[in-house]
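Visitor: I'd like to learn how to read features off a model. Could you walk me through a few?

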Amino acid sequence: MGKRFSRIIPVAHTLMGSLLASASFSVVAQNQALPAQALDWQAWEGDEASQQLCRGRYVMPSYRLPVEQNPETLSVETRDADYAADGEALLRGDVVLRRGNTELEAERIYLPASREQVDAEGNLALRDGQALVRGDSATLMLNEDRASVRNSHYVLYEERLRGQASQLEQTGESQYRLRDATFTTCEPGANTWELVSSDIRLNQESGFGTATNARLKVKDVPVFYWPWLRFPIDDKRHTGLLSPAIGFSSDGFNYAQPFYWNIAPNHDATITPRWMSDRGLLLNGEYRYLFSESEGTVEGGYLSSDDGGNSGSDRFAGETRWYVDARHAGRVNSRSNYRLRYGASSDGRYFDDFGDEFGSSDRVSLERLAQIDYQGDQWYLDARAQGFQRLEDPLSDNDKPFYRLPSLTANSNWQLGSGFFSEWRSNATYFWRDVDERLVPEREAATGTRLHLTPAVGWREEKPWGYIEPRAELWYTAYELDYGDRETERNTSPSRTVPVTSVDGGLMFERELELGSRGYRQTLEPRFNYAYVPRKNQTQLPDFDSRERAFSWDQLWSPHRFSGGDRVGDLNRVSVGVQTRFIEDDSGRDRLTFGIGQSIYFADRRIDSDGDPDTLPARPEEDAYVNPQRYYQATRDRSPLVTRLDWQINDRWSTGYEWLYDDHREKTEHTRFDLRYRHPEGHVVNLGYRWEIEGFDPDTLPGDDGFRDYNREEWDLSFAWKTSPRVDLIGRYLHDQTNDRALEKLAGVQWNDCCYGVQLVWREWVDDNDTARVADDFNDHGLFLRFVFRGLGGVGQEADSYFERTIPGYRPTPL
């Protein structure tokens with residue numbers, strides 16, 4: 001073995017770095033595979049391996065030659081060297097050259113006298129900290145951005161890409177061409193998929209590559225062909241195909257293929273053609289933009305002619321189906337913001353028929369809004385025009401919501417000293433809706449203007465041991481109404497003035513407590529609240545936006561029985577309750593909260609949605625269309641006992657419980673129970689139970705979509721289990737105990753690998769047909785498949801937000 005020696009040779013700046021100065025290849029070619037070690041692959045070891053998505057990583061070995069002070073200096077180490085008289089040099093035997101961050105290894109290197117190029121042969125390896133290129137031979141032009149490597153293999157360390165090419169050429173600064181090339185993000189020796197092309201061109205400056213005669217292979221089986229393909233070669237957002245979604249359901253087969261368009265750094269769009277065997281081709285799209293002071297999105301869908309589905313009786317057959325939802329929000333200045341939104345759909349069943357995700361849709365309406373606000377030191381101002389399209393089909397006139405055209409709000413608060421305060425709430429709104437006034441209840445037939453003023457004064461004295469707060473509000477409401485073509489004797493300029501008074505107070509007791517070697521601070525917090533609202537005739541008032549609230553823990557302490565401004569419910573009651581909390585001393589976190597309370601009524605509550613102060617609601621045996629609980633709720637002398645519990649059992653388990661119990665009838669009116677498990681590794685389990693007496697919500701009537709003519713009892717079990725960094729198992733079962741049926745069944749698996757991801761979900765659910773009747777409900781089911789090849793197709797897609805809504809606490813792994 002010959003003696004090794006080193007030498008320093010000054011050369012032009014373009015030597016060697018011209019090939020991989022900013023190397024960021026993302027494609028390669030077919031040839032004999034190299035072993036993983038030759039591609040600088042290191043497998044994870046021990047416990048670390050079980051926590052990783054990939055089984056190893058690419059790691060560049062240490063440089064063999066030290067760095068020089070002058071980055072343009074060339075360092076050489078070789079076993080043998082021959083120099084000709086004219087300056088030619090032949091270096092032989094494990095030659096190593098380094099300039100800056102680029103290092104070349106080869107068996108032989110030839111340097112001509114002109115020093116304009118370098119020819120390297122034999123077991124070539126070129127590294128620059130970002131990439132590795134191996135090959136049989138290479139020619140590098142020292143004064144130009146040109147190079148050629150034959151029979152090459154390459155690796156991008158950060159991007160986790162590798163590939164091969166029969167010939168790799170640098171054709172200009174940051175521009176490359178690969179012939180007979182392939183690339184993949186799969187681990188060495190695991191070609192689950194690869195892209196194969198006869199000619200690939202890369203432009204690192206633009207971040208794009210193009211491929212001619214490109215084939216996608218899965219396990220060496222061709223599955224797709226592109227005569228020409230443009231794709232990203234870095235991790236920025238680039239134009240390209242996204243992962244498709246495939247679904248099989250009782251309605252047939254559907255395939256969605258998203259295409260992402262990176263228009264500019266602050267503009268992008270996603271276009272998704274979706275073919276459904278039972279309905280036709282639906283074109284969906286989303287456009288997003290972002291500026292320094294504003295942002296927005298525009299999304300929509302269009303189906304030119306609905307094929308009618310498989311039921312054979314779809315009334316939308318042959319019709320155009322569409323929707324649009326445009327949103328824009330911005331800032332006028334540091335105190336003022338604005339929002340714009342317009343949503344519309346061709347019909348109320350659009351999202352039921354073309355559900356957002358997995359055949360589901362949580363949309364109940366589409367909003368139209370133009371709004372601007374101002375937040376000053378003293379005043380909050382808001383001006384808006386707002387409306388909604390309610391997504392039901394059929395939709396009766398009396399179910400259509402009112403538009404606010406416009407609505408103006410001005411609110412303020414003042415601290416007057418010594419505990420006294422005052423508030424000002426005001427709103428002026430013009431309400432309108434497009435209905436036949438003759439087909440809706442008389443109180444809902446009007447359109448017009450409402451002026452609503454609610455000044456308030458109060459005093460709050462707060463001490464460490466408790467507080468007291470008397471408060472008085474004055475509700476003044478005046479209208480100017482128009483009943484259109486409807487003949488009516490109702491007042492077109494009614495008004496109402498009602499005082500609302502209340503006294504709220506509580507005590508606070510504390511003690512130190514030790515349980516299970518843990519220190520706690522336990523509180524005991526008795527509370528009382530008295531509220532008085534006189535009975536006021538409101539039969540002449542319209543019903544634009546009021547809704548009677550269902551009873552709850554919060555209602556124990558509120559003097560307002562209705563939301564909105566059209567109804568003020570009469571009330572003469574006192575509420576008493578007590579709450580205890582266990583506060584963990586170390587963290588200050590509430591470990592357990594338990595409360596119980598009840599209201600005592602001194603008078604019937606006669607005001608309902610009709611506003612009549614003299615008439616009690618009808619009994620259910622007298623009127624089948626009345627809420628069966630309304631009469632009892634109006635005349636009972638005490639509310640149900642309300643009990644609630646929130647318990648953080650430990651760092652992983654928690655539970656919540658709410659129980660409304662009628663101690664007079666000895667009957668439960670409402671109960672809710674939740675048991676939750678959260679694991680640091682992402683495992684989630686939820687168990688929920690709900691029971692609700694028929695007619696519990698006083699605002700619903702028989703025939704309403706939200707009304708159920710039975711006691712509602714449901715179980716909800718959901719889970720998401722990360723069996724490994726690669727596998728997520730998900731499931732849900734929602735059971736209607738009352739009718740002994742499953743409302744939803746869901747089971748799915750998501751497999752995440754180093755170079756691909758697969759999501760397979762089966763779901764069966766009940767469609768209620770937008771009615772309260774159980775008889776016309778029907779079951780639907782589907783099988784949904786989504787897959788992605790990592791590194792091919794630009795922007796990766798997140799796992800569906802549907803899982804986050806359906807399985808509380810679950811954070812899907814990006815697919």
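Visitor: Let's start with Arg-177. Which strand holds Arg-177?
Guide: Strands here are DSSP runs of E with at least two residues, helices are runs of H or I with at least four residues, and both are numbered from the N terminus. Arg-177 sits in strand E12, residues 175-184. Before we go on: this is a predicted model, where local features need pLDDT of at least 70, side-chain atom pairs count only at pLDDT 80 or more, and totals for chains, interfaces and linings use all residues. Residues are numbered from 1 along each chain as its sequence is written, and side-chain values use heavy atoms, with hydrogens and water left out.

Visitor: Is Arg-177 buried or exposed?
Guide: Buried means under 20% relative accessible area, exposed means over 50%, and partly exposed is in between, using a 1.4 Å probe and protein chains only. Arg-177 has 18% relative accessibility, so it counts as buried.

Visitor: What does the side chain of Arg-177 make a polar contact with?
Guide: For a polar contact you need a pair of N or O atoms within 3.5 Å; within protein, one must be able to donate a hydrogen and the other to accept it, and residues adjacent in sequence count only if both atoms are side-chain atoms. Here the partner is the side chain of Asp-199, at 2.9 Å. Plain contact just asks for heavy atoms within 4.5 Å. Leaving aside neighbours within four places in sequence, the contacts of Arg-177 include Gln-167, Glu-169, Asp-199 and Arg-201.

Visitor: On to disulfides. How many does a search of the whole structure find?
Guide: The test is a pair of cysteine sulfur atoms within 2.5 Å. The search turns up two. In one of them, Cys-54 and Cys-754 have their sulfur atoms 1.9 Å apart, and the link is right-handed, with 95 degrees about the S-S bond. That pair links distant parts of the chain, 700 residues apart: Cys-54 is in the loop between helix H2 (47-50) and strand E3 (56-58), and Cys-754 is in the loop between strand E46 (741-752) and strand E47 (756-767). Both Cys-54 and Cys-754 are buried.

Visitor: And what about Cys-186 and Cys-755?
Guide: Their sulfur atoms are 2.1 Å apart. The S-S torsion is about 75 degrees, so the disulfide of Cys-186 and Cys-755 is right-handed. This pair also links distant parts of the chain: Cys-186 comes from the loop between E12 and strand E13 (193-203), and Cys-755 from the loop between E46 and E47, 569 residues apart. Cys-186 is buried, with a relative accessible area of 1%, and Cys-755 counts as buried at 1% relative accessibility. Count the bonded cysteines along the chain and the pattern is 1-3, 2-4.

Visitor: Now the sheet. Which strands does E35 pair with?
Guide: Two strands pair if DSSP finds at least two bridges between them. Strand E35 (residues 518-533) pairs in the antiparallel sense with strand E33 (residues 495-507) over six bridges, where Gly-506 stands opposite Arg-527. Seven bridges join E35 to strand E34 (residues 509-515), again antiparallel, and Arg-511 has Gln-522 as its bridge partner. E34 and E35 form a hairpin with two residues between them, and Gly-516 in the turn has a positive phi of about 55 degrees. Strand E38 (residues 571-584) is joined to E35 by 14 bridges, also antiparallel, with Ala-531 bridged to Arg-573.

Visitor: Last topic, the rings. How many aromatic pairs are there?
Guide: Rings of Phe, Tyr and Trp (its six-membered ring) pair if their centres lie within 6.5 Å; planes under 30 degrees apart are stacked, over 60 edge-to-face, and the rest tilted. The count comes to 24 aromatic pairs. Take Tyr-479 and Phe-544: the ring centres are 6.2 Å apart and the planes at 50 degrees, so the pair is tilted. Both Tyr-479 and Phe-544 are buried. There is also an aromatic cluster formed by Tyr-323, Tyr-350, Phe-351 and Phe-354.

Visitor: Which charge lies over the face of Tyr-632?
Guide: A charge sits over a ring if NZ of Lys or CZ of Arg is within 6 Å of the ring centre and within 35 degrees of the ring normal. Arg-665 does that for Tyr-632, at 3.9 Å from the ring centre. Arg-321 lies over the face of Phe-316, at 4.1 Å.
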